[in-house]
Amino acid sequence: MGFEFSNLFGTARGRRLPEVAPIEHVQLQRPMQRLMDFTGMSIDDIVNCPIAKRSVLGYYKLHRWVERQSEVTELERQWNNIR
């Protein structure tokens with residue numbers, strides 16, 4: 001009977017170690033903060049001024065449209081295998 005290091009750690013020959021899930025990085029998205037930085041306005045400016053509110057709302061709608069289009073393009077690329 002020989003001594004095996006694999007038995008020391010609880011794995012015998014022929015048994016596989018459980019696979020570890022890949023690391024997933026999550027990046028927070030803060031579109032309103034990005035829009036306020038882009039326009040140079042504070043939340044107080046946006047709340048108190050109707051012109052600023054409409055301006056930021058327009059940029060926000062543009063942001064959502066671009067995000068949706070990029071998602072659609074990415075899905076079409078996956079489905080149709082376009083290179």
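These notebook entries record what I looked up on a helix pair and a salt bridge in this predicted model.

I worked with residues numbered from 1 along each chain as its sequence is written, and with side-chain values that use heavy atoms, leaving out hydrogens and water. Local features need pLDDT of at least 70 and side-chain atom pairs count only at pLDDT 80 or more, while totals for chains, interfaces and linings use all residues.

**Helix pair.** I looked up helix H2 (residues 31–39) and helix H4 (residues 50–80), whose axes come within 10 Å and cross at roughly 125°; helices here are DSSP runs of H or I with at least four residues, numbered from the N terminus. The two are therefore oblique to each other, a class left over once angles under 35 degrees (roughly parallel), over 145 (roughly antiparallel) and 65 to 115 (roughly perpendicular) are set aside. I noted that the crossing of H2 and H4 is right-handed.

**Contact residues.** With contact taken as heavy atoms within 4.5 Å, I found Pro 31, Met 32, Arg 34, Leu 35, Phe 38 and Thr 39 on the H2 side, facing Val 56, Tyr 59, Tyr 60 and His 63 of H4. I sorted these residues into seven nonpolar, two polar and one charged.

**Salt bridge.** I counted one salt bridge, under the rule of a side-chain nitrogen of Lys or Arg within 4 Å of a carboxyl oxygen of Asp or Glu. It joins Arg 77 and Glu 74 at 3.6 Å, N to O, and both residues lie in H4, three residues apart, about one turn of the helix.

Technical notes:
Axes are lines fitted to C-alpha atoms, for helices over the stretch in contact, and angles run from 0 to 180 degrees between N-to-C directions. A crossing is left-handed if the near helix is turned anticlockwise from the far one by less than a right angle, and right-handed if clockwise. Ala, Val, Leu, Ile, Met, Phe, Trp, Tyr, Cys and Pro count as nonpolar, Asp, Glu, Lys and Arg as charged, and the others, Gly among them, as polar.
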